[in-house]
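Trainee: I would like to look closely at one part of this molecule. Could you please guide me through the sheet and its surroundings?

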Amino acid sequence: MQELTFKVQRYTPGQDKEPYLQEFTIPFTEGMTVLDGLIYIKEKVDNTLSFRSSCRMGICGSCGVLVNNFPMLACHTPVEELKTDRIEVKSLPNFPIIRDLVASLDLLFEKHKSIKPYIISSDIREAEEPTAEYVQSREELESYVQFAYCVKCGLCMAACPTVATDALFLGPQPLGQVYRYCTDRRDMGAKERFHEADSPHGVWLCHLAGACSEACPKGVDPALAIQLLKRAMVFDSMRLAKKRQPVTLAHLPVESKPKIEVPEFTVK
Ligand code: FES
């Protein structure tokens, strides 16, 4: 491969009636990613092209785009893996376009916030001023840790056929996180989150297409989390759920806690 043809979606609201594709021919270099191609176009060919990226290593989740009709992280997608020299890049479906390849993920973050994505503790004082550490067994950690790897890139939401037909459907990312927090033994907020997930646009609309898990770049498997969540909610409504024991606290001797000096550059 000597050259690549990038067909990139362009769209400026208020100026363009609808998105269109613009073609760029750029040189191929070994090991380059789709993000490298976009950066080349912006730096050498057309500096008006808009896309989002930050870490360039599959961690921040900001570079999600539709590559040859599949939602992917641009920085995590080597061109060679696409097995073609023609690469079509569009903004993520199921999200409004801000400009070119930049989609607005506001709705995803709103939905994520609605499921209370944090540990809800029964001991407010301990949560706010911790005096000890929570003890978790390896099995307890393994029950949810896979679902905690979510980077909120929105690829699962872009792939979901139910989100495509019902914008209010909570969707695989927030529902997966409902399961993640409810399985964590430090958390006591299952009832509140089950209430949110049991809404007309909640968990029961998922018909297990599995597209979310296929698209997830971090192996989170939201489809599995949603099925496990359905089971947990049914057990809860039938009062068959095991009563949750409060998590154990380990009071460590004060001298065993690491003393961390505040670096000078830290804002007070
Ligand atoms: S730039 Fe951070 S995940 Fe791609």
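Mentor: The following account describes the sheet, its strands and a helix beside them. Please note that the model is predicted: local features need pLDDT of at least 70, side-chain atom pairs count only at pLDDT 80 or more, and totals for chains, interfaces and linings use all residues. Residues are numbered from 1 along each chain as its sequence is written.

Helices (H or I, at least four residues) and strands (E, at least two) are DSSP runs, numbered from the N terminus. Two strands pair if DSSP finds at least two bridges between them. The open sheet has 5 strands in the order E2-E1-E5-E3-E4, with mixed pairing. Its edge strands are E2 and E4, each of which pairs on one side only. On average, neighbouring strands are turned by 35° against each other, direction ignored; axes are lines fitted to C-alpha atoms, for helices over the stretch in contact, and angles run from 0 to 180 degrees between N-to-C directions.

Gln-9 stands opposite Leu-21 in E2. Strand E2 (residues 20-27) lies largely in the open, because 0 of its 8 residues are buried; a residue is buried if 20 or more other C-beta atoms, placed from the backbone, lie within 10 Å of its own, exposed if 12 or fewer, and partly exposed in between.

Elsewhere in the sheet, E3 and E5 run antiparallel and are joined by 2 bridges. Val-67 has Val-89 in E5 as its bridge partner.

Asn-68 lies in the loop between strand E3 (64-67) and strand E4 (70-73). Asn-68 is partly exposed, with 16 other C-beta atoms within 10 Å.
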